[in-house]
Amino acid sequence: MPPPKTVITINSSGRQAASFVRVASAIGWKVRAQMRDRVGIVAQELCSLPNVAIIEGSLDDPRTLERLFSEPAQLAFINTTHWGDEVRIGKAIADAAKRAGIQHYIYSSMPDHSVYDRGWRALPLWASKFTVENYIRQIGLPATFVYTGIYHNNFTSLPYPLFRMELQPDDTFVWQAPFHPNQPLPWLDAEHDVGPAVLQILKEGPRKWGGKRVPLAFSHLTPRQVCKAFSRALDRPVRYVRGPVEIEIPVPTGYAEHLIVLEEVLGEQRAPYFGPDLEKDCTKTAIQLWEGYRDIEEYAREVFPLEEAANGLTWMNEGDETPTEINSDYQVGLMVLHEDKGCRHSGNSRKRPIAFTGVFFGARKAKAFRVNGRARQRRAALQKIGDRAHGVCRLIASFLARAKRIANFWRRGSLMSLVWVVDHGVYSYHSSVAPVPGERRNRGIGVLYYVGQAKSILDSTPP
Ligand SMILES: NC(=O)c1ccc[n+]([C@@H]2O[C@H](COP(=O)([O-])OP(=O)(O)OC[C@H]3O[C@@H](n4cnc5c(N)ncnc54)[C@H](OP(=O)(O)O)[C@@H]3O)[C@@H](O)[C@H]2O)c1
């Protein structure tokens, strides 16, 4: 068997790189991951993953790059950020990779709208990435350039500019941004989906992907459609308002300038986010790379409330006083998992993880309630639980469709193993399901088997 590949990452605690590190580690690749320090939940989580060697230090310090590339490595996934001189850092890393003989270098780039000659200005924080991209091409590194869509988890009800989902006194939400309400924008769940997509590009190699620019977006939705998805997921009205970017908190100077240009170019001039050449059919490649993506409605239903709660917000608890949630931890999920005697939810590192977010969360929400209180309160509470159970059924239906897609994907042999990381706000957790006993070769069937089991248990359990 060939030795496992070694892949280098930087800014590894960031959303893009962390997503990739989790997946690469899970399939047994070795990861050499730079981070500034080991402080924070994500940094701690990555330190505890198997196959991950942490290189601690600032990217401004040349000794960090020396250590990062000192041992042999074949691959790299590099996402620079605006913290520090991005162009200088981006070039220095590319040079170090070239010297180290990296065979496939994936750089997370972004467009420079000024190159299209349509009177669009360059968005400052993106143009520096494009400069780095051009430098990587110039020095002849075997490279691929991924362009990420708008992250789902930019949304917050805190007063951050551009993606604020502002809670209103009547418990509805309003998102105000400068985009035209009918302008499609590319979206992705960075924490959930960057890792598997990048992994797949690395697996298919530079012969297929060398020199290419790959948009990573799994949906192309207008602001109105996004609000509808949030509204369905949160079960309350969510309204889009086209309006200027409001900056209510101190932001870094470069970011303020970036937002002004964004408002003009993407808002008033309606330039396509990725640029005209990449925007057309922009979800096609990403979905071919990775079919198990999390869409915005699932994000809004499953993750947004958890992230909000992690930020100290409480709107998601309101109205839940009568039914009290009891801790019966993922009843359905665990029942299913425990059916395979050879494998447990965690602990067997050779049988690698698949996670069923929909089933787990859905099952817990629908089933783990105890209803106390007087008759009228009980009736109201049961009504609420009934509504939730209905939501769960819908969720399972969409989950089953997705599991099928994953199973097909798996059968094509595109991934040795699959990780579906469920983000609890800033936390992450991995849950795992092993293949069906006796069917170890065909893990796709394993997915369907377990989903089938979960569904029949749910079907036979009254809400
Ligand atoms: N949000 C979007 O929708 C979107 C879309 C396309 C492109 N992008 C680009 O993605 C890049 C960010 O990547 P990401 O989302 O993976 O990262 P992220 O989650 O925003 O995390 C920032 C990363 O930068 C590191 N960092 C280094 N120096 C820092 C400093 N002085 N202060 C704070 N952080 C510092 C952080 O390290 P610590 O953990 O140690 O703080 C962390 O690893 C940006 O360049 C952005 O333009 C974002």
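Which helix or strand supplies the largest share of the shell around the ligand?

## The model and its chain

This is a predicted model, in which local features need pLDDT of at least 70 and side-chain atom pairs count only at pLDDT 80 or more, while totals for chains, interfaces and linings use all residues. Residues are numbered from 1 along each chain as its sequence is written.

The secondary structure of the protein chain comes to 15 helices and 17 strands, taken as DSSP runs numbered from the N terminus, with H or I of at least four residues for helices and E of at least two for strands. Of the 463 residues in the protein chain, 44% are buried, a word used when 20 or more other C-beta atoms, placed from the backbone, lie within 10 Å of a residue's own, whereas 12 or fewer make a residue exposed and values in between make it partly exposed.

## The shell around the ligand

The answer to the opening question is H1, from which three residues of the shell come. Helix H1 (15-26) and strand E7 (150-151) each supply at least two residues of this shell. There are 21 residues around the ligand, and Ser 13, Gly 14, Arg 15, Gln 16 and Trp 83 come nearest; a residue is near if its C-beta atom, placed from the backbone, lies within 6 Å of the molecule.

By type, the shell divides into eight nonpolar, 10 polar and three charged residues, where Ala, Val, Leu, Ile, Met, Phe, Trp, Tyr, Cys and Pro count as nonpolar, Asp, Glu, Lys and Arg as charged, and the others, Gly among them, as polar.

## Helices H4 and H5

The axes of helix H4 (residues 86-99) and helix H5 (residues 124-138) come within 9 Å and cross at roughly 25°, the axes being lines fitted to C-alpha atoms over the stretch in contact, with angles from 0 to 180 degrees between N-to-C directions. H4 and H5 are therefore roughly parallel to each other, a description given to angles under 35 degrees.

The contact is made by Glu 86, Val 87, Gly 90, Lys 91 and Ala 94 of H4, together with Ser 128, Lys 129, Thr 131, Val 132, Tyr 135 and Ile 136 of H5; two residues are in contact if their C-beta atoms, placed from the backbone, lie within 7 Å. These residues divide into five nonpolar, three polar and three charged.

## Thr 6 in strand E1

Thr 6 is found in strand E1 (residues 6-9), and it counts as partly exposed because it has 19 C-beta neighbours inside 10 Å. Leaving aside residues up to four places away in sequence, Thr 6 touches Lys 30, Arg 32, Pro 72, Ala 73 and Gln 74.

Conventions
Angles under 35 degrees count as roughly parallel, over 145 as roughly antiparallel, 65 to 115 as roughly perpendicular and the rest as oblique.
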